[in-house]
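Q: Can you walk me through this one? I have the sequence and the model open and would like to go through it piece by piece.

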Amino acid sequence: MLSLSNSRNFDKPEIIRSTMVFPQRFEITDAPISEALKDYKTAIEETVKANLDLLDELPPPNTFHIEELKEFLKKAVEDDLRRDLVFEKSVELHKYMKDMWTSVDSYFQEVFDHHVNLKNQVDTDIFSISRMFLNSDLPISFLKAIENSLVAEKDYIDIYDKRIRRERLELLVNRNNRRKFERICDTHNRWIAPFTSRLENLDRTRVKMIWYVDFNNSDKIENIFKDKMIKSSRINMQILQKFIDDLEKLTHEIDGLVEANMEFHPFTSREDTDSTRTVRRIMDLLSLKAEG
Amino acid sequence: MSFGQVEGFFLDTCVLLPHPLEAMSKACSDFLKEASSLCFLSSSVRTEAFDLIEQSHDIIVVNLRDRLKPFFEANNIKELTNKDGKIIADFFSQQKSVIKKQSQKRSNVPYEILGAIENFVATSLHSLEDGRKLTITDFLAALTTELAIVKHDLEAPFRGIKPVDITPNDSVRSEIIASMVPLDLKDADHLTSALLKDADHLASALEHQFRQNKWIIFVTTDDTHILSKEPNLREIFLQCSKPEWALDYYRDMTKTKSPKQHICEMKNYTQRQKKIVNVIEKTIGSRIIIETK
């Protein structure tokens, strides 16, 4: 996954990125090492494995042998992760998090910047899925299920960001009081608990659905994750509908949790939002110099 | 005896959606700034709003894919530059008539979405530097992405208001309809889907008011269907108001006894009042008139 400012690659593969699963727990010095990924190399290995495990949850593809697909996917995920600056930052933050006790302020600044990049990435993901939908005869429910799930993630990042801005102040005030510091961390971790598994499931279900459509519409293995015409005749629509239903159900659950924490903002008039600016930037990055 | 039994405001869909009249938008926005924490959203209003936004979004997305894309292909247009505004302007002009046919008549939402997208397209195309080109696929994908953002922005106000999960009783709903439609017009032709939806919203507010035994004010900008029937609705104990005056009603009601006590202490009842009290008693399973007499 690449941030907009650093890349023009919008053909990135849809994969799960386990280190980026939100929300992050607050850990203090003696947190179990397994809670955070040890280093960048391990993070890549674990993420590749998570994606290969996800492949086992899909119906076997019509066109390829599963071993051939696994080999392709392993390389595609590895290559993508190594180019992915947001992923790299995410791993770094996990390591940082373990040492939060001694570096509260700098840690949070990194996290806030990371949230901006993550939200940009969600807009880029909506752009990619829109492109897939426009080159297809798929029902609009496919596009909406994915869009809504991505928007739910973005809403979550918003409320999470607001919450930890408040928590940061409490942590800073209590940085010399270990007991209070721990209590704030515990409260935070209890608050995020209902989101954790749901967000992970949401991510997995969305990726599985996209893989199902993409893999079965690729004539050659090299065409996976590339722009192509998507035909509903090449997939089982009942299986697709099941994915859509599952994704909608999970999105609905997350929406409910998010709404309980949302603040009211009236709709006045349409002005450029950060998201709109991101879409404009995508258009700008994708525009080509005219020949001649 | 207790005073100050006011629950707050039940909002109509139109209060949270953009309004074509600037003065009306301002009235809603001013009211919400002051009173959003006292506002409630019934299940029927939420469902109507989300359906409306979703339906408008779907019509436009499907038209982008199934009409605009083939139009570009048929005319062998593969890329757009900052000089191709006219082509897009023609498409949006046609879209307005398509939307008029396909969407719900009384809503402004489809035009709001289309207007936002048109504005986005015009600004984006014009800001392309001279000599730069955008492929049709990327252009359409950017539009679809922006549509998802507009849809989310329109839905956001509905997600920040306290929801009330309520399905109004059919009898309460019927009494609301009886108050809104003259007796000689109560045939099926006059019970439009818009009226039935309004009846659901109003019945939800009325039923909730008596379940909580706290006054509710139903806030709407809909003059034609609701505010013009305000005296009839007030007769059956539901106060409706434009956003501009809603807080005045609220202040007055804080000096009034609770709904049940107020009814108990009334000296005379109209036929319609007797009927609605009877229906409410059955719906909430407790007596109102005899309770304290």
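A: Starting with chain A, its elements run α-α-α-α-α-α-α-α-β from the N terminus on. Keep in mind that this is a predicted model.

Q: How many helices and strands is that for chain A?
A: Chain A has eight helices and one strand.

Q: And what share of chain A is buried?
A: Of its 292 residues, 36% count as buried. As for contacts in chain A between residues at least 6 apart in sequence, 79% of them join residues at least 24 apart.

Q: I was looking at Asn174(A). Where does it lie?
A: Asn174(A) is in the loop between helix 5 (140-173) and helix 6 (178-216) of chain A.

Q: What is Asn174(A) in contact with, neighbours within four places aside?
A: Lys180(A), Phe181(A) and Ile184(A).

Q: How are the C-alpha atoms of Asn174(A) and Asn148(A) separated?
A: By 38 Å, with the two residues 26 apart along the chain.

Q: OK, over to chain B. What is the secondary structure there?
A: Chain B comes to 12 helices and seven strands. Its C-alpha trace spans about 85 × 40 × 30 Å along the principal axes.

Q: And how much of chain B is buried?
A: 40% of its 293 residues count as buried. Of the chain B contacts with a separation of 6 or more, 83% come from residues 24 or more positions apart.

Q: Which strands make up the open sheet in chain B, and in what order?
A: There are five strands in the order 5-2-1-6-7, with parallel pairing. Strand 5 (162-164) and strand 7 of chain B each have a single partner strand, so they stand at the edges and one side of each lacks a neighbour in the sheet. From one strand to the next the twist averages 40°.

Q: Remind me, what do strands of a sheet pair through?
A: Backbone hydrogen bonds, in either a parallel or an antiparallel arrangement.

Q: How many bridges join strand 2 to strand 5 in chain B?
A: Three bridges join strand 2 (residues 39-42) of chain B to strand 5 of chain B, and the two run parallel. In that pair, Leu41(B) stands opposite Pro163(B).

Q: Which strands is strand 6 of chain B joined to?
A: Five bridges join strand 1 (residues 6-11) of chain B to strand 6 of chain B, in parallel. On that pairing, Phe9(B) stands opposite Ile217(B). Three bridges join strand 6 to strand 7 (residues 239-241) of chain B, also parallel, and there Phe218(B) stands opposite Cys240(B).

Q: What lies across strand 1, strand 6 and strand 7 of chain B?
A: Helix 10 (residues 243-253) of chain B, running at about 170° to strand 6 of chain B.

Q: Switching to helix packing. How do helix 7 and helix 12 of chain B cross?
A: The axes of helix 7 (residues 170-180) and helix 12 (residues 271-284) of chain B come within 9 Å and cross at roughly 160°. Angles over 145 degrees count as roughly antiparallel, so that is what these two helices of chain B are. The crossing of helix 7 and helix 12 of chain B is left-handed.

Q: Which residues make that contact?
A: From helix 7 of chain B, Ser171(B), Val172(B), Glu175(B) and Ser179(B). From helix 12 of chain B, Arg272(B), Lys275(B), Ile276(B), Val279(B), Ile280(B), Lys282(B) and Thr283(B). By class, the contact of these helices of chain B has four nonpolar, three polar and four charged residues.

Technical notes
Residues numbered from 1 in each chain as written. Chains lettered and ligands numbered in written order. Predicted model: local features only at pLDDT ≥ 70, side-chain atom pairs only at ≥ 80, totals over all residues. Axes fitted to C-alpha atoms, helices over the stretch in contact; angles between N-to-C directions. Helix = DSSP H or I, 4+ residues; strand = E, 2+ residues; numbered from the N terminus. Parallel < 35°, antiparallel > 145°, perpendicular 65-115°, else oblique. Left-handed = near helix turned anticlockwise from the far one by under 90°. Contact = placed C-beta atoms within 7 Å. Nonpolar A, V, L, I, M, F, W, Y, C, P; charged D, E, K, R; others polar. Pairing = 2+ DSSP bridges. Buried ≥ 20, exposed ≤ 12 C-beta atoms within 10 Å, placed from the backbone.
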